[in-house]
Amino acid sequence: MAITKGEAEYLIYLAREGVVRGRMATFGRMTMLVDGREVKSLAQQLNHLTPAIAALPNDATIDDQAFFAALGVDSLTSIDAVDIDNPTMIGDLSKPLPAEFDGAFDVVLDSGTMEHIANFSSCLENACRLVKVGGFVIHSILSTNFLDHGYFSVSPIFYVDFFAINRWLHPFMAL
């Protein structure tokens, strides 16, 4: 549940393309493994150095709230079953989340959480239920062959096939 340099680059690209925006939910609270200087450098390389990104401090004091706000996210809800990392919502992703959150988000981000959830299918269902029609589900996960990391080691093509079979528009994969 962290934003690495590679993930930050991809999320900045997605913000530039209008994908990362509006109301966003993350599975777990994101730990930032990049500082403000690196975010600005990546944004500049991607021709997306907005005033909000340029205003980030250069040091490591940025957190997930500041990072996503700079990318244009209006509100960020981090969902976790425990309060260790101070999520904004307590919710067990291995069980259905309350129906009041169905379709509440423009973007749902799983950045390394689902493989740690014993009820993988319920977690995947939650991702699909939380996002509104026309929204985006982003999975940024480790690929196969990471032994002893989480409960599942999922082939990336699983997500492309899952979303295509379920008639989502534009399922794609970036490695």
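1. The side chains of Arg 29 and Asp 64 are joined by a polar contact of 2.8 Å. A polar contact is a pair of N or O atoms within 3.5 Å; within protein, one must be able to donate a hydrogen and the other to accept it, and residues adjacent in sequence count only if both atoms are side-chain atoms. A polar atom of the Arg 29 side chain also lies 3.0 Å from the backbone oxygen of Asn 86.

2. The model is predicted: local features need pLDDT of at least 70 and side-chain atom pairs count only at pLDDT 80 or more, while totals for chains, interfaces and linings use all residues. Residues are numbered from 1 along each chain as its sequence is written, and side-chain values use heavy atoms, with hydrogens and water left out.

3. Arg 29 sits in the loop between E2 and strand E3 (31-32); helices (H or I, at least four residues) and strands (E, at least two) are DSSP runs, numbered from the N terminus. Its relative accessible area is 16%, so Arg 29 is buried (under 20%; exposed is over 50%, partly exposed in between; 1.4 Å probe, protein chains only). Leaving out residues up to four places away in sequence, Arg 29 touches, among others, Met 1, Asp 63, Ser 78, Asp 80 and Asp 85 (contact: heavy atoms within 4.5 Å).

4. Five strands make an open sheet with parallel pairing, in the order E5-E4-E2-E6-E7; two strands pair if DSSP finds at least two bridges between them. Strand E5 (89-90) and strand E7 (131-139) are at the edges with a single partner strand each, so one side of each has no neighbour in the sheet. E6 (residues 105-110) and E7 are joined by 5 bridges, and Val 107 stands opposite Phe 136 in E7.

5. The axes of helix H1 (residues 5-16) and helix H4 (residues 64-71) come within 9 Å and cross at roughly 35°. Axes are lines fitted to C-alpha atoms, for helices over the stretch in contact, and angles run from 0 to 180 degrees between N-to-C directions. Ala 8, Leu 11, Ile 12 and Ala 15 in H1 meet Phe 67, Phe 68 and Leu 71 in H4.

6. The largest nonpolar core has 28 residues, of which Ile 3, Leu 11, Val 20, Phe 67, Phe 68 and Leu 71 touch the most other members. Such a core is a set of buried Ala, Val, Leu, Ile, Met, Phe, Trp, Tyr and Cys residues joined through side-chain atoms within 4.5 Å. H1 gives the most to this core, with 5 residues.
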